Amino acid sequence: MGWKNVLRQFLRDVRSQKLRSALTLFGLIWGTTAVTLLLAFGEGLQERMIKNIRGLGDNIVICWPSQTSKPWQGLPRNRKITIKDDDIAALKREVPGMTAISGEYSAGNKKFKVGHKVIVPGLTGANPVFAAMRNLIPQQGGRYVDDLDMDERRRIVFLGDGLKQDLFGDSEAVGQYVNVNGTPFLVVGVMQAKEQDSSYQGRDKDRASIPATTFRAMYGQQEYGDFVLQVADAGKVEAAKDQVIATLAKLHRFDPTDAEAVRMWDVTENEKFMHSFMLGFRIFLGVMGVLTLVVGGIGVSNIMNVVVEERTKEIGVKMALGARQRMIVTQFVFETLLLTVVGGTIGFAISWGICAAFPAKLDKFLGTPVISLQVGALTAGLLGLIGFLAGYFPARSAARRNPVEALRL
Amino acid sequence: MFGNGKNGSNGGQRRDGDGAIIALAGVRKVYDTGAVKVEALRKVDLSIKRNEFVAIVGPSGSGKSTLMNIIGCLDTATEGSYCLRGEEVSGMSIDRLADIRNRRIGFVFQNFNLLPQLTAFENVEMPLLFKGAPAKERRERVEALFEQVGLADRMQHRPVELSGGQMQRVAIARALACEPDIILADEPTGNLDSAAGGDIIGKFEELWAKGHTLVLITHDGTIARRTRRVVRVQDGTVVDDAPAA
């Protein structure tokens, strides 16, 4: 009987049953908002947490040479293991699947002085590959330690953004000098701000890097404090770790099962844990959301049941005037579908508005909620199904009635 | 498949031999409420010709309403045969019956049964919508009908804004919308005062004069007397069938 008429009828019905329509709409809006927001916040939180983990570096393993804890081939325990350049070179040869490796010198006793300000930050002596591994990205106009710095043992320094702020305030640091234990170092770069939720020897924002060669030449240290390696594929981290231990065990003659000789921190373990945790978390949120929607749907179908019951007389009149079953059913299905569409759209709009108005400064803690397309499609589908079922079944049973029965009410 | 509705109003010369537009033979209706079976109609034979003006009378509980519902295809007989314009109705699907009600039968109810949320115009338009008539045809037809029942100035009013007599005239316009073969009226004056009731009966007489077939259910003797044939129903069967006195 024409969509225009069905639509006109819908508007009339909504108007004549304001309270009921409003309640139904409220249920649907609430359901949609709850589902989309729950999942959006879950998504945002996950991204935030992953970003934080990644702050330290992607797929990296940090290794600290230490002491043996088991005797091996006639050698006693408590032997100190030291890592030098030739060990790094050997690992480069022997361990497959590594994208980068770098030794790291560390010092925590060098005085940084700019004007009257004195700070004693953590200092790294590192190779150029260190930057990519550990996400030490320079801000516009700066750079990290490069190969030429290494070759010429230049006295240059790369500052963490926090350290730069402490030393130079808001003024430009690149091109300025920092006195490190009395020796001037040229600032060549400042790190871009990043999120980092785990660290060793302090956050990168409060540290400084100088070329490893300079560090060695100035402070006379040969042994690396630690070394960092990066593997292309997270799945190959375990094999690489085993190979690192095997190689070093052979070179330094210690028991390959000795867990103390070289301690390792596999950053991917955090990430793996985080992934399974977030998966569980999101399944939980999703189930909650879907249940909320289903409860909303039950509400809608209840209301539709009452509506159909209440309007049996009207259905009877229409049947007496020659409405076919399909016309009766179409009217109710269309009404519920339209209600769910309107409710769903408003719910989406609310969720979208909340996400858009989400204060940026909370991003650090909660992440920024993201309404994903899949969630939208899923919610829309569920709502459509609920709307259809809620309208279809009561209407069909009403349309199958004898017109006399319907009219008698 | 339903022919041209216009044939309904000029009566007489039709293929169905004796001219009977309604032919019930041995119709029985039993209401089965589980434990109790109530026989509302038992063996009713009734034949109504084109352009008759018939009153069905009887005390309440006599079965006259059941008879009216079966004639109007609002209900189906438990047993027996019902031919409407030569076509056997029993055993038809729900949708076929809906089409028959739409095109062959116009109903006028005691309580008007106008939909309160629609305007008078939209109420009358409804059967035409169900029939699938195009918008222009609907509008012209509805306007003509309002002209015919003398309510051209009330088309955009809602039922609550009309008097009882006006509402019943809207209902008559609606009954006529698809140019049905028969107009069935169930106590059409039951909710009206005598002046408005008389006016409605006058309207029916007018329609009869134009060639319509009318079947009226009433328990009001004065109204029955204004028809041309009175069928008396009692205890589920026809006890008397005679021209109006």
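How are α11(A) and α13(A) oriented to each other, roughly parallel, roughly antiparallel, roughly perpendicular or oblique? This is a predicted model, in which local features need pLDDT of at least 70 and side-chain atom pairs count only at pLDDT 80 or more, while totals for chains, interfaces and linings use all residues. Residues are numbered from 1 along each chain as its sequence is written, and chains are lettered from A and ligands numbered from 1 in the order in which they are written.

In chain A, helix α11 (residues 325-356) packs with helix α13 (residues 373-399) at an angle of about 150 degrees, their axes lying 8 Å apart; the axes are lines fitted to C-alpha atoms over the stretch in contact, and angles run from 0 to 180 degrees between N-to-C directions. The pair α11(A) and α13(A) is therefore roughly antiparallel, a term for angles over 145 degrees. The contact of α11(A) with α13(A) has 17 nonpolar, nine polar and two charged residues, where Ala, Val, Leu, Ile, Met, Phe, Trp, Tyr, Cys and Pro count as nonpolar, Asp, Glu, Lys and Arg as charged, and the others, Gly among them, as polar.

Backbone geometry draws attention to two asparagines. Most residues other than glycine have a negative phi. A:Asn59, however, has a positive phi of about 50 degrees and is found in the loop between α2 (18-54) and β1 (60-65) of chain A. With 21 C-beta neighbours inside 10 Å, A:Asn59 counts as buried, the cut-off being 20 or more other C-beta atoms within 10 Å. In chain B, B:Asn51 has a positive phi of about 60 degrees; B:Asn51 lies in the loop between β2 (37-49) and β3 (53-57) and is buried, with 20 other C-beta atoms within 10 Å.

Notes: Helix = DSSP H or I, 4+ residues; strand = E, 2+ residues; numbered from the N terminus. Buried ≥ 20, exposed ≤ 12 C-beta atoms within 10 Å, placed from the backbone. Parallel < 35°, antiparallel > 145°, perpendicular 65-115°, else oblique.
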